[in-house]
Amino acid sequence: MNQMLRVPREETSLRLRTTQTLRTAILDGVFAPGQKLSERELCESLDVSRSCLRESLQHLQAEGLITIVPHRGPEVTDISVQEVRDIYEVRASLEGLASRGFALHASAGQRAALRAKLGELAVPAVASDKVALLAIKNQFYDILIEGCGNLVAGQMLRQLNNRVTVLRRISMSQPGRLPQTLAELDAIVAAIEQGDADQAARLSAEHVQKASQGVLRAMAEKAGPAS
């Protein structure tokens, strides 16, 4: 085997761990959108070299989580209002497609797993734990993707997932949004259980549109009145 094809395992493992740690910090809200990141402070905190950190930052830039600004350095990507609209428009189409496919193709076990995961979201202890809530909601969509029978739609939803998770945190923080979300997801799962693919697709698209409205409303409130 050509020696040039060998990958230093320890260095690769360290880069992966660094990337995952930073990704989790962003998705959990430790670093806020638009926040400037100090490479020196990150290197000290993570106990990694600058070259290792920069490779991880480049990976997260490709995921849309980090923006590297010339002459300023890295910062957490701040998603614009138009990008939010675009992301949710694509997500509505893809989730509608996935729900339709799940209603048509999912096994009995996958349907039961989807219903069980929805039940976990309704547990009071989960509702008060934002990190757990987001993790379980991601697991709900993992089941939906696995059973939808459309590999391309699933891949595209997974590619969107990191940015959607950031926005989902904003949406779920809106007063009264969680009970609405549970009711909307329950209706989707019920349509799937009844084998009504059209209804499942329609309800999924509506669910995403309502989530989008919550995010846009929160962004507008944060920005304050126009000058």
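Guide: What follows goes from the confidence of the model to the salt bridges, and then to the backbone, the rings and the cysteines.

This is a predicted model, in which local features need pLDDT of at least 70 and side-chain atom pairs count only at pLDDT 80 or more, while totals for chains, interfaces and linings use all residues. Residues are numbered from 1 along each chain as its sequence is written, and side-chain values use heavy atoms, with hydrogens and water left out.

Confidence comes first. The protein chain has an average pLDDT of 89 (the predictor's confidence in each residue, from 0 to 100), and 93% of the residues reach at least 70. Helix α5 (residues 108-121) has the highest confidence, at 97, and helix α1 (residues 9-27) the lowest, at a mean of 83. Helices here are DSSP runs of H or I with at least four residues, strands are runs of E with at least two, and both are numbered from the N terminus.

Now the salt bridges. The term stands for a side-chain nitrogen of Lys or Arg within 4 Å of a carboxyl oxygen of Asp or Glu. The structure has 16 of them. One of these joins R54 and E39, with 2.9 Å from N to O. Because R54 belongs to helix α3 (residues 50-62) and E39 to helix α2 (residues 39-46), this contact ties together parts that are 15 residues apart in sequence. The two ends differ in exposure, for which buried means under 20% relative accessible area, exposed over 50%, and partly exposed in between, with a 1.4 Å probe and protein chains only. R54 is partly exposed at 41%, whereas E39 is buried at 16%.

A second salt bridge pairs E146 with R158, and their closest N and O atoms are 2.8 Å apart. It links distant parts of the chain, twelve residues apart, with E146 in helix α7 (residues 130-146) and R158 in helix α8 (residues 151-172). E146 is exposed, at 54% relative accessible area, and R158 is partly exposed, at 40%.

E206 is partly exposed at 29%, and R202 is partly exposed at 39%.

The backbone next. Most residues other than glycine have a negative phi, and most peptide bonds are trans. D47, which is not a glycine, has a positive phi of about 60°. D47 lies in the loop between α2 and α3, where it is exposed, at 67% relative accessibility. H71 is also not a glycine, and its phi is positive, at about 70°. H71 is exposed as well, at 87%, and is found in the turn of a hairpin that has three residues between β1 and β2. Strand β1 (residues 66-69) and strand β2 (residues 73-76) run antiparallel and are joined by four bridges; two strands pair if DSSP finds at least two bridges between them. I68 has P74 of β2 as its bridge partner.

Then the rings. The model has one aromatic pair. F140 and Y141 form an edge-to-face pair, because their ring centres are 5.4 Å apart and their planes stand at 85°. For this term, rings of Phe, Tyr and Trp (its six-membered ring) pair if their centres lie within 6.5 Å, and planes under 30 degrees apart count as stacked, over 60 as edge-to-face and the rest as tilted. F140 is buried at 2% relative accessibility, and Y141 is buried at 8%.

Last, the cysteines. A disulfide is a pair of cysteine sulfur atoms within 2.5 Å, and the count of these is zero. For C52, the nearest cysteine sulfur is that of C43, 8.3 Å away. C52 is buried, with 6% relative accessible area, and C148 is buried too, at 3%.
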